[in-house]
Each structure stands twice: as structure tokens, then as C-alpha cells.
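Please open the structure in a viewer and keep the selection panel at hand. The stops below are to be visited in order.

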Amino acid sequence: MEAEHRVPGSDGAVLVTAHLDSTGDQGAYVDGAGVPRPYDPAADPAPGADDDGSGVAAVLAAAECLAGLLAAGRGPARTVRFVLFNAEEQGLVGSKVYARAAAAAGESIAGVLQMDMIAGRRGGGHTVEVHAGAAVSGPAAQASEELGEVLARAVSAVSAGLTVERITGPGDPAAGRSDHASFHERGWAAVAVSENFFDGAEPASGTRQYHRPGDTLDDPDHDTGYATDIARGVTAAALTLAGL
């Protein structure tokens with residue numbers, strides 16, 4: 001699923017992305033007799049409010065923001081795309097197809113900002129993780145680190161209450177794990193933005209309902225204000241990259 005504001009003569013496109021699918025394969029499901037059983041992806045719900053409904057909502061909000069600027073007579077210098085991928089949980093299938101097709105068409109991509117789980121927050125933590133580490137070597141690594149710096153500055157400017165944890169290098173625990181990795185494989189700058197999910201510089205404070213049927217809007221770990229802060233920072237970074 002994709003929407004685009006095309007700018008003729010653009011030197012590259014800025015992509016704001018998330019994934020549509022979800023899974024509940026790490027949760028316990030109970031049959032009519034109250035007996036737990038293994039997850040059945042063909043029959044069992046996987047609501048995915050945080051993973052990755054939160055990212056999808058943020059992409060839509062970013063698109064709405066750009067639409068408002070366009071209506072006010074302000075336009076970007078670069079093409080901006082809002083893309084939602086399918087089958088991320090099955091091995092980044094949708095984004096791999098998308099990135100492969102973009103490369104085959106000779107497209108230029110200035111940067112990819114992927115939001116994957118941005119609403120899970122428990123305790124007093126208010127940290128956002130910016131993952132630039134690539135599972136492949138090549139030009140994407142340095143370019144992604146530079147993109148991460150742009151994002152960190154944008155978050156600090158518009159969502160000052162957030163602490164940015166930048167994670168880079170091949171040891172990044174998110175390297176190869178979200179849709180940004182599909183663009184690394186093609187040599188493009190890409191970062192994944194998430195709640196404080198990994199136990200890195202600070203103790204993890206993300207959702208406890210990761211890949212479980214409890215990943216719903218009623219999850220007490222689901223914090224929409226926190227997600228809004230992250231989405232605001234990512235939107236500001238995307239618009240900055242686009243020349244606004």
C-alpha cells in the first residue's frame with residue numbers, strides 16, 4: 001500500500017514506512033474447554049496494536065501532516081512516499097519485493113524511516129530507539145548512521161521529552177529484523193525506529209505483549225502519547241529530508 005507526493009526532478013525519494021501484518025505466535029491460546037494450545041495463524045487473532053498498528057497509524061499521521069502543508073502552499077523539494085508493507089513477520093517479504101523492484105527500476109531513495117512498534121511503554125521510561133545497524137556491509141551502513149543523526153536531531157527538536165538511544169554497527173539487535181533491512185541490501189540509507197524494546201543502554205521498557213494476543217489497544221503498556229512523540233519526531237525528520 002503506497003501513497004506518493006511526486007516532485008519532478010527530485011534527486012531521490014524519502015520513504016516513511018511501517019508493516020501491516022502481525023502475529024501472536026508467542027502467546028497462549030485457549031480453546032472452548034479452557035485448554036491452552038499452540039497458535040494457529042489460520043484461525044487465531046493477532047491484533048498487533050503495537051506491532052505494528054502503531055507504526056501504521058504514525059505513517060498515516062505523517063501523510064496527513066504533509067497534506068496540510070501542501071494545502072497551505074508549501075511543497076517539498078523531494079518526492080515523499082508513505083508505504084505500508086505486508087508479510088514482514090514472514091521474513092520481510094513485502095519490503096524485499098518493493099526494494100528489489102525499486103532497484104530494478106533505477107530509482108533513487110534518499111532515506112527510509114521505518115516505524116516498527118512505537119507505542120509500548122511501561123514504567124518511567126521515555127526512550128526511543130533509532131536502529132541504523134546493517135546486517136550487510138557496504139555504503140548503506142555509513143549512510144544509515146548519518147540518517148540516524150538527522151532523525152535524532154529532529155526528535156530532540158520537536159519531542160524534547162524523549163531520550164534517543166542510537167544503535168549502530170553490525171551488533172545492532174534490530175539489524176536484519178525489520179523492513180529497513182530490505183533497503184540496506186540495495187545500498188540505501190534506512191533506519192528502524194522503535195520503542196525501548198531491546199535491553200541496551202537503558203533497561204527495556206517496551207510492551208510485554210510482543211507477538212501475543214494481548215497486543216491490543218487495551219494493553220496497559222500501550223501509551224498513545226508516547227507514540228505521538230515518536231511519530232512527531234519521525235515526521236519532522238522526513239520533512240527535513242524532503243526539504244521542508
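Begin by selecting Ala174, which lies in the loop between β8 (163–167) and α4 (180–184). Here helices (H or I, at least four residues) and strands (E, at least two) are DSSP runs, numbered from the N terminus. The model is a predicted one, in which local features need pLDDT of at least 70, side-chain atom pairs count only at pLDDT 80 or more, and totals for chains, interfaces and linings use all residues. Residues are numbered from 1 along each chain as its sequence is written, and side-chain values use heavy atoms, with hydrogens and water left out.

With a relative accessible area of 7%, Ala174 is buried; the term buried stands for under 20% relative accessible area, exposed for over 50%, and partly exposed for what lies in between (1.4 Å probe, protein chains only). Now display the neighbours of Ala174: leaving aside residues up to four places away in sequence, Ala174 touches His131, His180 and Phe198, where contact means heavy atoms within 4.5 Å.

**Aromatic pairs**

Next, colour the aromatic residues. How many aromatic pairs does the structure hold? There are seven aromatic pairs. Rings of Phe, Tyr and Trp (its six-membered ring) pair if their centres lie within 6.5 Å; planes under 30 degrees apart count as stacked, over 60 as edge-to-face and the rest as tilted.

Select Tyr29 and Tyr39: their ring centres are 5.3 Å apart and their planes stand at 35°, so this pair is tilted. The pair links distant parts of the chain, with Tyr29 in strand β3 (residues 29–30) and Tyr39, 10 residues apart from it, in the loop between β4 (36–37) and α1. Tyr29 is buried at a relative accessible area of 6%, and Tyr39 is buried at 18%.

Move on to Phe183 and Trp188, whose ring centres are 6.2 Å apart with planes at 40°, so this pair is tilted. Phe183 and Trp188 are both buried.

**Two helices in contact**

Select helix α3 (residues 139–158) together with α5, which pack at an angle of about 125° with their axes 8 Å apart. Axes are lines fitted to C-alpha atoms, for helices over the stretch in contact, and angles run from 0 to 180 degrees between N-to-C directions. The helices α3 and α5 are therefore oblique to each other; angles under 35 degrees count as roughly parallel, over 145 as roughly antiparallel, 65 to 115 as roughly perpendicular and the rest as oblique.

Show the side chains where α3 and α5 meet: α3 contributes Leu147, Val150, Leu151, Ala154, Val155 and Val158, and α5 contributes Arg232, Gly233, Val234, Ala236, Ala237 and Leu241. By class, this contact of α3 with α5 has 10 nonpolar, one polar and one charged residues (Ala, Val, Leu, Ile, Met, Phe, Trp, Tyr, Cys and Pro count as nonpolar, Asp, Glu, Lys and Arg as charged, and the others, Gly among them, as polar).

**Backbone details**

Turn to Leu92, in the loop between β5 (79–85) and α2 (93–104). Although Leu92 is not a glycine, its phi is positive, at about 60°. Leu92 counts as buried at 6% relative accessibility.

Then select His211, in the loop between β9 (190–195) and α5 (224–241). His211 also is not a glycine, yet has a positive phi of about 55°.

Finally, centre the view on Asp51 and Asp52, which are joined by a cis peptide bond with omega of about 10°. Asp52 is found in helix α1 (residues 49–71).
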